[in-house]
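Please read this note with the model open.

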Amino acid sequence: MARFINKSQTEIGESPFELRFRGTKKSDKILLRVIDFDAENVEECKLKEFKEISRYIDKETITWLNVDGLHDPKLMEQIGEVFEFDRMIMSDVLNTDQRPKVQEYEHCLFVSCKMLTFNEKKNQLISENLSLIIADKLLISFQEKRGDVFEPVRERIRKQKRKIRNSGTDYLSFALLDIVIDNYIFILSLMGERIEMIEEKLINNPTPDVLRLINEYKREINFMRKNILPAKEMAMALVKSDSEFLDDENVGVHLKELLDNINQAVEISDSYREILSDQLNIYHMTLSSKLNDVMKFLTIFSVIFIPLTFIAGIYGTNFDNLPELHFKYSYFIMWGVMISITLGMIFYFKKRDWF
Amino acid sequence: MARFINKSQTEIGESPFELRFRGTKKSDKILLRVIDFDAENVEECKLKEFKEISRYIDKETITWLNVDGLHDPKLMEQIGEVFEFDRMIMSDVLNTDQRPKVQEYEHCLFVSCKMLTFNEKKNQLISENLSLIIADKLLISFQEKRGDVFEPVRERIRKQKRKIRNSGTDYLSFALLDIVIDNYIFILSLMGERIEMIEEKLINNPTPDVLRLINEYKREINFMRKNILPAKEMAMALVKSDSEFLDDENVGVHLKELLDNINQAVEISDSYREILSDQLNIYHMTLSSKLNDVMKFLTIFSVIFIPLTFIAGIYGTNFDNLPELHFKYSYFIMWGVMISITLGMIFYFKKRDWF
Amino acid sequence: MARFINKSQTEIGESPFELRFRGTKKSDKILLRVIDFDAENVEECKLKEFKEISRYIDKETITWLNVDGLHDPKLMEQIGEVFEFDRMIMSDVLNTDQRPKVQEYEHCLFVSCKMLTFNEKKNQLISENLSLIIADKLLISFQEKRGDVFEPVRERIRKQKRKIRNSGTDYLSFALLDIVIDNYIFILSLMGERIEMIEEKLINNPTPDVLRLINEYKREINFMRKNILPAKEMAMALVKSDSEFLDDENVGVHLKELLDNINQAVEISDSYREILSDQLNIYHMTLSSKLNDVMKFLTIFSVIFIPLTFIAGIYGTNFDNLPELHFKYSYFIMWGVMISITLGMIFYFKKRDWF
Amino acid sequence: MARFINKSQTEIGESPFELRFRGTKKSDKILLRVIDFDAENVEECKLKEFKEISRYIDKETITWLNVDGLHDPKLMEQIGEVFEFDRMIMSDVLNTDQRPKVQEYEHCLFVSCKMLTFNEKKNQLISENLSLIIADKLLISFQEKRGDVFEPVRERIRKQKRKIRNSGTDYLSFALLDIVIDNYIFILSLMGERIEMIEEKLINNPTPDVLRLINEYKREINFMRKNILPAKEMAMALVKSDSEFLDDENVGVHLKELLDNINQAVEISDSYREILSDQLNIYHMTLSSKLNDVMKFLTIFSVIFIPLTFIAGIYGTNFDNLPELHFKYSYFIMWGVMISITLGMIFYFKKRDWF
Amino acid sequence: MARFINKSQTEIGESPFELRFRGTKKSDKILLRVIDFDAENVEECKLKEFKEISRYIDKETITWLNVDGLHDPKLMEQIGEVFEFDRMIMSDVLNTDQRPKVQEYEHCLFVSCKMLTFNEKKNQLISENLSLIIADKLLISFQEKRGDVFEPVRERIRKQKRKIRNSGTDYLSFALLDIVIDNYIFILSLMGERIEMIEEKLINNPTPDVLRLINEYKREINFMRKNILPAKEMAMALVKSDSEFLDDENVGVHLKELLDNINQAVEISDSYREILSDQLNIYHMTLSSKLNDVMKFLTIFSVIFIPLTFIAGIYGTNFDNLPELHFKYSYFIMWGVMISITLGMIFYFKKRDWF
């Protein structure tokens, strides 16, 4: 199974209205959490059956239904029918491999993007699809797995933060998307810290582990970009959208900030990509420079012995007439000559700055 | 014959209305398959002669004629004449080397793009031209070879899927193009899986086979991009088109999704391109690092013997006066000195972390 | 003389109205060919003197004057005067080093672009400037050298192809430009075939000749891009132009196709550029990998002999007291030890997968 | 803590209205400096308590409040309340890690960007956030640390430069931003000078220090780009803005110049990035070329001795029947042969231009 | 002093109206040349004092004042006052480090760009700022140094070229800018010729001088791009400008041509940049390939002697019982064996294509 994209042959040519769960990740049971609030009251509950939602539907309060888990197409169909959504929408919710997008429908606005989490042990990013259906007084969010990422928003609702309790579903949606984008930047700052720490090791001790690390981060930054670059288009579409479900006065400024944050994430990931490329270069150069030093030293070492061994070889010959062999101090003179040659060579190499 | 583009000198300066078959791929006999349907009925048949099409023309039902094989210019001319198409259109159908495009004519809309298939044995993509002529109540699709890629759509028509049976030729065309694009993504996910698997081999066992593989995938990704990048323009043209043959309410959302899917395909192919470049780098570095280790080991090994051989050389000389030769334990002392030197050097090299 | 651009100091500051021939290529005599036609009749002739053109001017027929050779500024001036063209136009015709462009004047439309030919022996592209002046019932084309590239169009006119005989000068101009662009694609397919054939040689036999070839093609593709990239702007200008001399109904579709073809040419040249870069990489890696194998083999070969030579050296010493020398089978034992060491080392190197 | 971006997990999901100080840099006490002026008078003072600002608020004069230090959220809240700013604004002021931006509010215009300073000792850029709130007759500037960068503007106000004293807060804001941008260019010229000086060392003496230097500058240029590229968008937004707080007649030309200056900064940083890349290349090539020369010399040196040592080895053998040993001048002939071989090899190597 | 940008700390925060000379290049005396002309008459003179200009101001003729040298701020102020220019303009004239720009003022149009000259000895481009102030019947041009680049235009005015004498200051300005751009192309063709000549040397004789040359040209092309890329924006602004000082009918076509020429310059500089990169690659590969050949040869040479020396070593041992030593023809057999081994190895290496 490829990590960057995954499509089975059986999906080809399927009707776009088909409701089919494509993933393999299952939370044991699909969790349906409702928060229903207005400026005065907050009510929170976990639905045992989807039917219970009827209690909240016709009230004037804002209802946020969070669905954790997508592996029950029947439930999805039921949701679509109860709220009378276009069939395309529920199919989009289940199509977890699609690009982030904003799609305007008659009765609602559909937004999807990728949530990223960083597995610090494996140095690996995990991507999960998040879908939002924004309707009048109703927000439904779909996640692939159970998770607590949206807890801070729930906390803000409970704590009666003025803005979030007085605004409609548009501000609430912004709050959720904001968490997703903040997470991108948080992960980048986490990875960034580690990437910047590589630099030191790089020059002092360029082990293959460092190389492996650089390549891992390169791959993850690449994976991140694949996920956040299209999110930029999604945010741009939100900023430009004149949908009735996004009140410009209420969330206009905030959506612009969202876009700004994604832009920042993209720029920082670009910076780190370049830093990693540079590090790879430094690694390569440091390593080859170290090797070169070793080889040069060893070569010089051998070279010094070569003429000495040759001289010894000369006087190891068995010629009958080899006058030097018979002088009294020949042997000692030989040593003297050898030492002179050695010193001469060392001096010469030093002078040419060879070691 | 070049694979990326192919143009013979004789084609230069030809009239754009010339109907000439340029390819070499021939299905033995051109296959003409008709599906004629409306919300209530479906009728399927293979035409023995093109004339039989007259049966379907004047009915109120939707007629989809699928033509497998382009090597009979006369048949093409006949088709053009029967339906009173602009002559340019039939010439475009036969011009299989052209870029994907959308061209609006008075009586119809012409769309062409490339279908890709992946030969898993040869690790090679094969590209085939697909042309669609979308008219009122009539869709004609042209393929270069017999194939069953559109079977899922036929199946959907047979199974009376509400949408496809109740919509016009625009939705049907979308369904066909959707299969083509889905195929791009499917092929990318197929190649992606293999590309991602290279990584492991890369570090443990960087054989020339791995190098060959990386280069093959690079070439194929390049080939794919050449085919899908212009398809993006084609999809954009469809989304923006205000042709009467594309009912915006009926297929607007779907065409946007088509464009989204092509964008995804382009982005993923970009990701894999980068991954392959990185892999090439890793390959290069791993290989050179391995070689360096070997060479360093061998060099150090030789270097250790060099002074030893020199010492042996010294005492192989035949000087008359060489006092050491005559001491009783000289030979054993020599061994001792040699062992000390060896250990000293090993210790020194270890300390400097050279092996 | 630089091949990519050529400007002499004397040209700086010249009036843009100056008529001066800048090139060095001269056809011996400037050739003036006229084809004059309408739906019924065709008349062809070579003018001996330019004055003879008067015969064709006031007729209702379409007149195409083709001028081969630009080295006679006086003739150019005469042409400009007879047809009452803006002086800028004739200066543009002579300015053969300029970028492809479309310029609308009161009485005519000026179009220029580069014609490329490929010298297969030298593996070199040759670029020549083509200028078209499109007026009412009159088309003048200027080439730098005599050539037969437009013969197919003449043939189509002679053969009474309906469209070309019934349309105005706009369709005729399109036909000429189409030949130029088709030529780009033809040359690319010619080069492409050869470039793709390099791949095989690359892995089996990476000789310096292959390197030279790759670099030659890189340079030529670069040269081609320099010529066709601006042609894209030219075609875009034609498509967007609302000049009275281009009847949108008559040539709109064809000009769009022209643009499509240039786009294709650009994309294919991009593909080949990348392929050539990859080939350079493969060349480099294959070569260095081959060298490494040789060096490793040689080094291992030497390393095996080093301890053997050392042992022989030991027993070549002349110590009085060297017990091993006097044992009966010492020599044979030495051989045994040497063979053991050799086998041990070979085994060790094999095990570590060093050769 | 990563230098390029920094986000703690606790910030995720916070309300955008939260006033929280995120940084660690604290000036001991927040410094509040006021300059209040009109065409005739200037009054300068340091506020002890923020309340004192009331003196200046209702006057017809222009009031510029400069706040050095952001670590007191309460003060920030107080500022926001006194001037009745949107709560978002004060939160933006405290969000020092955000991208440069321009945001229009009902009662004011918010502008933020990065101020850079260059630590010449550490070769490191330090970035600090600057926020401007431009209102009617009121300008508030926020810096993270105490600093004197704006002193020249104060000096111009004191010296009664006509323009600055007669214009509104828009021209004053421009003057502050101008200093920030001028600083970018000044730092680039500082770094540029040093980068250009590297070139010389590079060829004569490519030490690892030079490599370290190049990499340091690469990282800093990268850091700079991360800060100034988004500033370009900020300037573009200012130029295009039709806010009532920016009088186009008064500052239009100046804002355009601001944009021009940022563009220049971006272009120059691009130039230096390329120069550094080229330098890295030169470093690499020079180093490897030097090493190659050394290795070639050493190898040739060894190679010359190899046949000589072999010959000596031959005559060191102890064969009973080795005729040459017994000729009278054998030894001297051997020397002659050796010298001839040496000279021959040197001649051969010289001829092939190997050293 | 950095060559790409130069800013001193003292300039930071200066009022944009400040008139200060920043450069160091001084022509000894500022030269004021006037050409005053209309269709009938031309009058040329060098002003001794600026006051003399009054003679030309109120006449109906066109007045072109050329100022060579900027080092006298007082003169600049005087010029600004006499013609009642906006203070910003004169400050822009003196700000020689700014980007090329077009700025429309009430009474005039300000245009600035860089003039380049090529020092052929040092292989170095020199850039100089040119400012034009285009007003009604008045054109003032400012150069940093005395120079004769505009002589051809003066010559055209003297020779009574119809267009230049009958047009206003807009055509005259175009003529001056045209010279500047023509110069870009001339320099590129000059550099191009040399760059293309490098290729040959590259393969036959890749000396370090060639490397130095390539790097010099890379730096200069980089420098050129830094100067001409922004000039493109300047030209675009002129083409789009609807200033009253640029009569579209009179100079529209010419300004478009100007833009075309800059585009050509940019494209050619791109081509040469790529060619230089390729050359660097070829240099690197040729060099390393040459070195590899040498090292391989040397290594093979040594390897052949290794077993021979080993054999000689064996028979140099002093074992009492070494039977081969005592056979009559042992020595000659040894030689035979040695020659066989040598031939065998040479044959083996040749067969594996190692040299």
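**Notes on the chain copies and a loop residue**

1. Begin with the interface. Only 10% of the interface residues of chain C are also interface residues in chain B, so the copies meet through different surfaces. Contact here requires C-beta atoms, placed from the backbone, within 7 Å.

2. Basis of these notes. The model is predicted: local features need pLDDT of at least 70, side-chain atom pairs count only at pLDDT 80 or more, and totals for chains, interfaces and linings use all residues. Residues are numbered from 1 along each chain as its sequence is written, while chains are lettered from A and ligands numbered from 1 in the order in which they are written.

3. Backbone check, chain A. A:Asn123 is not a glycine, yet its phi is positive, about 55 degrees. A:Asn123 sits in the loop between β5 (109-119) and β6 (124-135) of chain A. Strands are DSSP runs of E, at least two residues, numbered from the N terminus. A:Asn123 is partly exposed, having 15 other C-beta atoms within 10 Å. The cut-offs are 20 or more for buried and 12 or fewer for exposed, with partly exposed in between; C-beta atoms are placed from the backbone.

4. Backbone check, chain B. B:Asn123 has a positive phi of about 55 degrees. B:Asn123 lies in the loop between β5 (109-119) and β6 (124-135) of chain B. B:Asn123 counts as partly exposed, with 15 C-beta neighbours inside 10 Å.

Conventions: Helix = DSSP H or I, 4+ residues; strand = E, 2+ residues; numbered from the N terminus. Contact = placed C-beta atoms within 7 Å.
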